[in-house]
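Visitor: I have a chain open in my viewer and would like a guided look at it. Could you walk me through it?

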Amino acid sequence: MLLSRIVLLPCLVTNFRSRTSDGSLIIRFMLMSADFNPSDERPTQATCKVGECSTPFRWMVKQRQWRDGMGVVHLLKEVIQKLQPKPTHVVLNCGFWGHLTSSGLHNLFAAGAEIQKADGIRFVWKTMTHLSPKQSGKHPELQEITDMQKKLARQHGWEVFDAYSVTHTYPEDYFYDGVHMRDKGTTNLNSRFLQALLKSLQ
């Protein structure tokens with residue numbers, strides 16, 4: 001029996017925005033944090049509900065300059081690499097709402113290559129998904145961004161799952177707002193991702 005342990009991570013934990021009563025825009029940067037030790041993954045608050053666990057956390061990664069990729073690099077080296085049992089695969093993706101700079105991508109892909117060489121963990125870059133047919137013409141730059149990311153990832157020895165190409169032909173009713181998918185869209189994409197992953201293990 002083939003056993004794999006896969007860790008799925010967003011490439012970025014980006015900012016979220018809110019407005020004060022006078023309409024001023026506030027930008028706050030999210031944190032990556034958790035209630036477990038990487039070496040044993042035992043929660044400190046096993047009875048808390050998802051989204052309701054409170055501080056103090058066992059670890060926290062701040063991302064004040066998230067486009068340089070160093071927050072995610074820190075997460076890989078200080079948390080993911082120390083997980084026990086060790087992951088077989090780490091899958092990172094980047095969505096529509098933000099992209100790392102070229103140097104940030106180099107930082108991320110180089111760190112993954114270094115970890116893969118040391119520990120044998122396989123890294124997979126999952127591109128952003130395509131926009132719906134009605135929205136895709138509004139952002140022609142996304143193809144170039146996606147192609148650049150794929151090229152850099154492969155240059156650093158990463159595997160690539162090209163979700164952008166896979167979802168290029170998805171019909172409008174697979175989306176509910178032009179960007180985010182309905183269940184039938186995500187189910188189809190996840191199935192194709194799983195097939196690609198299983199094929200890579202053969």
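Visitor: How many helices and strands does the protein chain have?
Guide: This is a predicted model, where local features need pLDDT of at least 70, side-chain atom pairs count only at pLDDT 80 or more, and totals for chains, interfaces and linings use all residues. Residues are numbered from 1 along each chain as its sequence is written, and side-chain values use heavy atoms, with hydrogens and water left out. Elements are DSSP runs numbered from the N terminus, with helices being H or I of at least four residues and strands E of at least two. The secondary structure comes to 6 helices and 8 strands.

Visitor: Are helix 1 and helix 2 roughly parallel or roughly antiparallel?
Guide: Axes are lines fitted to C-alpha atoms, for helices over the stretch in contact, and angles run from 0 to 180 degrees between N-to-C directions. Those of helix 1 (residues 70-78) and helix 2 (residues 102-119) come within 9 Å and cross at roughly 15°. Angles under 35 degrees count as roughly parallel, over 145 as roughly antiparallel, 65 to 115 as roughly perpendicular and the rest as oblique, so helix 1 is roughly parallel to helix 2.

Visitor: Which residues of helix 2 make the contact with helix 1?
Guide: Contact means heavy atoms within 4.5 Å. Helix 1 brings Met70, Val72, Val73, Leu76 and Lys77. Helix 2 supplies Asn107, Leu108, Ala111, Glu114 and Ile115.

Visitor: Is lysine 150 buried or exposed?
Guide: Lysine 150 sits in helix 4 (residues 141-155). Leaving aside neighbours within four places in sequence, lysine 150 is in contact with Thr127, Val160, Asp162 and Ser165. Its relative accessible area is 11%; under 20% counts as buried, over 50% as exposed and in between as partly exposed (1.4 Å probe, protein chains only), so lysine 150 is buried.
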